[in-house]
Protein chains: 2
Amino acid sequence: MLKSWNDGATKSAIVDFVARATAEVPPEERVAVFDNDGTLWCEKPAYIQLDFLVRRLAEQAAADPSLKDKQPYAAAAAGDLAWFGDAVTKHYNGDDSVLKILAGGILSAYAGLTVEDHAARVKEFFAVARHPTLGRPYTACGYQPMIELLRYLEANGFTNYITSGGGRDFMRPVTESMYGIPPERVIGSSVGLDFVDGDLKTTATPEFLNDGPVKAVRIWGRTGRRPIFAAGNSNGDIQMLEYTSAGPGPSLGLLVRHDDAEREFDYTAGAEKVLGLATDRHWTVASMRDDWTTVFD
Amino acid sequence: MLKSWNDGATKSAIVDFVARATAEVPPEERVAVFDNDGTLWCEKPAYIQLDFLVRRLAEQAAADPSLKDKQPYAAAAAGDLAWFGDAVTKHYNGDDSVLKILAGGILSAYAGLTVEDHAARVKEFFAVARHPTLGRPYTACGYQPMIELLRYLEANGFTNYITSGGGRDFMRPVTESMYGIPPERVIGSSVGLDFVDGDLKTTATPEFLNDGPVKAVRIWGRTGRRPIFAAGNSNGDIQMLEYTSAGPGPSLGLLVRHDDAEREFDYTAGAEKVLGLATDRHWTVASMRDDWTTVFD
């Protein structure tokens with residue numbers, strides 16, 4: 001197990017922690033939480049979910065000419081993914097100006113569908129969509145070493161959850177096949193749902209933005225436990241890592257550092273703060289370049 | 001199994017449904033949801049959680065004389081549980097006037113605690129508190145036939161969840177020992193939590209009132225599945241039952257009817273509407289008096 005991890009301090013920190021946890025922590029309390037974008041799957045040049053949303057916004061712009069000169073429809077119609085990525089990066093740095101323009105369009109993009117129809121749209125997307133530069137389907141953009149880590153934790157009695165800023169119902173249709181994580185263990189952002197004639201339908205009203213302190217709150221809300229393992233990669237993961245690290249027993253906070261321009265991407269935007277805290281908080285940093293023998297399967 | 005259920009139409013409906021479900025539904029989709037108050041444990045003469053809250057309000061009234069003539073503190077100090085029960089019954093019948101007076105006091109009763117300290121208070125309560133008329137600890141107020149039903153479903157590959165209007169973090173400390181349901185499978189009402197210095201603390205701000213259509217919405221939010229079995233007993237369970245029954249495959253909606261003044265209580269208040277719908281919606285009604293050989297263990 002962990003065969004895609006190079007021997008060294010990072011791998012040792014993981015193995016040592018798991019040995020301590022299995023000795024000291026009862027199985028039901030071995031809860032592990034994983035961010036998704038940039039931690040389990042690739043988030044560059046833009047979030048995979050943005051591609052899903054942008055395709056829909058472009059469809060809407062094509063169907064309604066009055067939308068063509070308005071953002072976010074104009075950027076969608078032009079295929080300008082960077083405009084969308086910038087909105088989110090700015091958000092992580094405290095500037096929500098572009099995100100606000102984006103939000104209305106995004107929230108209404110898939111409104112009015114039953115949750116089953118929404119899941120079908122997500123499956124159709126993943127069946128055909130490919131990463132724009134890596135030359136592989138998005139469903140093959142999960143990090144092989146992290147998938148091995150999920151299996152390793154599972155083999156040691158851990159229960160793995162995803163807790164992501166990404167959309168709960170965008171991730172669920174693929175988390176079982178990509179990560180072995182079933183829908184009931186996916187925590188993510190969501191829009192409100194309306195109960196209509198026995199069915200649940202998506203609305204354009206935000207429910208949760210699962211980011212920052214909200215991640216910690218919702219881990220408790222969903223599991224009733226404080227995790228003993230947390231993996232993340234961006235500033236939105238700080239509180240989840242702090243919550244995990246503040247527990248009374250053994251714990252491990254793991255950060256994925258994107259420093260591998262050759263095999264994936266090299267960036268720290270949106271992660272400056274969390275990386276700056278790592279040493280002080282005793283979080284382990286996994287260098288994609290140095291710690292992983294391979295990035296993708 | 002189901003040894004506390006009399007042979008008859010109700011037990012047959014359960015057994016036949018389970019046979020169909022195990023034949024036609026894959027195990028991961030065998031999701032069963034149970035209301036708690038009045039479905040898994042006794043809710044009369046007042047909700048068990050009200051006793052927990054009223055004890056705290058009485059403590060607060062004793063500590064602060066300015067509260068003594070104000071509701072809900074006056075009722076708490078006088079041990080007037082009926083005042084509180086009425087508030088909730090009125091709510092189920094569309095009148096929130098008393099509930100509003102109650103809400104502020106209840107919401108702030110345990111505010112400012114870490115979730116661990118809150119859980120410790122709940123455990124202390126259940127260690128000593130006894131049902132006022134049944135002569136048994138609250139932890140022995142779970143319905144034996146329903147506990148057997150939980151085990152029967154589990155033995156047939158079902159995953160059981162609680163979805164209750166009661167407090168999520170009030171139920172969690174006892175659901176594993178009473179029902180074999182772990183905290184991550186308890187969905188309930190909640191107050192917001194604040195993330196403070198690595199810990200989560202209760203606030204006085206309501207987050208979810210897990211009742212009516214909200215039950216259906218949150219079953220999806222938590223599980224990402226439509227249940228195939230739902231058990232309830234009151235008007236707040238209607239949408240959860242409808243959501244379950246509207247699925248494409250086999251499903252069973254079960255209602256507990258409280259008609260056993262001798263062994264438990266005999267009442268329909270707060271359940272008139274759901275009982276009135278049962279025949280039309282093909283929900284199975286379990287008569288406590290006729291279908292159960294025993295109520296408590």
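These legends describe close-up views of a predicted model. Local features need pLDDT of at least 70 and side-chain atom pairs count only at pLDDT 80 or more, while totals for chains, interfaces and linings use all residues; side-chain values use heavy atoms, with hydrogens and water left out. Residues are numbered from 1 along each chain as its sequence is written, and chains are lettered from A and ligands numbered from 1 in the order in which they are written.

**View 1. Helices H2 and H4 of chain A cross at roughly 125 degrees.**
H2(A) spans residues 48-63, and H4(A) spans residues 81-92. Helices (H or I, at least four residues) and strands (E, at least two) are DSSP runs, numbered from the N terminus. The two axes come within 11 Å. Axes are lines fitted to C-alpha atoms, for helices over the stretch in contact, and angles run from 0 to 180 degrees between N-to-C directions. H2(A) and H4(A) are therefore oblique to each other. Angles under 35 degrees count as roughly parallel, over 145 as roughly antiparallel, 65 to 115 as roughly perpendicular and the rest as oblique. H2(A) contributes Leu50(A), Val54(A) and Leu57(A) to the contact, and H4(A) contributes Leu81(A), Phe84(A) and Gly85(A). Contact means heavy atoms within 4.5 Å. By class, this contact of H2(A) with H4(A) has five nonpolar, one polar and no charged residues. Ala, Val, Leu, Ile, Met, Phe, Trp, Tyr, Cys and Pro count as nonpolar, Asp, Glu, Lys and Arg as charged, and the others, Gly among them, as polar.

**View 2. Helix H9 of chain A packs with helix H8 of chain B.**
H9(A) is residues 213-223; H8(B) is residues 168-179. Their axes are 10 Å apart, at an angle of about 50 degrees. This pair, H9(A) and H8(B), is therefore oblique as well. From H9(A) come Trp220(A), Gly221(A), Arg222(A) and Thr223(A); from H8(B) come Arg168(B), Asp169(B) and Arg172(B). By class, the contact of H9(A) with H8(B) has one nonpolar, two polar and four charged residues.

**View 3. Helix H8 of chain A is largely enclosed by the rest of the structure.**
Nine of the 12 residues of H8(A), residues 168-179, are buried. Buried means under 20% relative accessible area, exposed over 50%, partly exposed in between (1.4 Å probe, protein chains only). The buried residues include Arg168(A), Asp169(A), Arg172(A) and Tyr179(A). Gly180(A) follows H8(A), with a positive phi near 70 degrees.

**View 4. Cys42(B) and Cys141(B) are 5.7 Å apart, sulfur to sulfur.**
That distance is too far for a bond. A disulfide is a pair of cysteine sulfur atoms within 2.5 Å. By this rule the count is zero disulfides over all chains. Cys42(B) is buried, at 1% relative accessible area. Cys141(B) is buried too, at 0%.

**View 5. Leu40(B) sits in a loop of chain B.**
The loop runs between strand E1 (31-34) and helix H2 (48-63). Leu40(B) is buried, at 0% relative accessibility. Leaving aside residues up to four places away in sequence, Leu40(B) touches residues including Phe34(B), Cys141(B), Met146(B) and Tyr179(B). Pro145(B) is 105 residues away along the chain, yet the C-alpha atoms of Leu40(B) and Pro145(B) are separated by 9.1 Å.

**View 6. Val15(A) lies in helix H1 of chain A.**
H1(A) covers residues 9-24. Val15(A) is partly exposed, at 30% relative accessibility. Not counting residues up to four places away in sequence, Val15(A) touches Leu2(A) and Tyr152(A).
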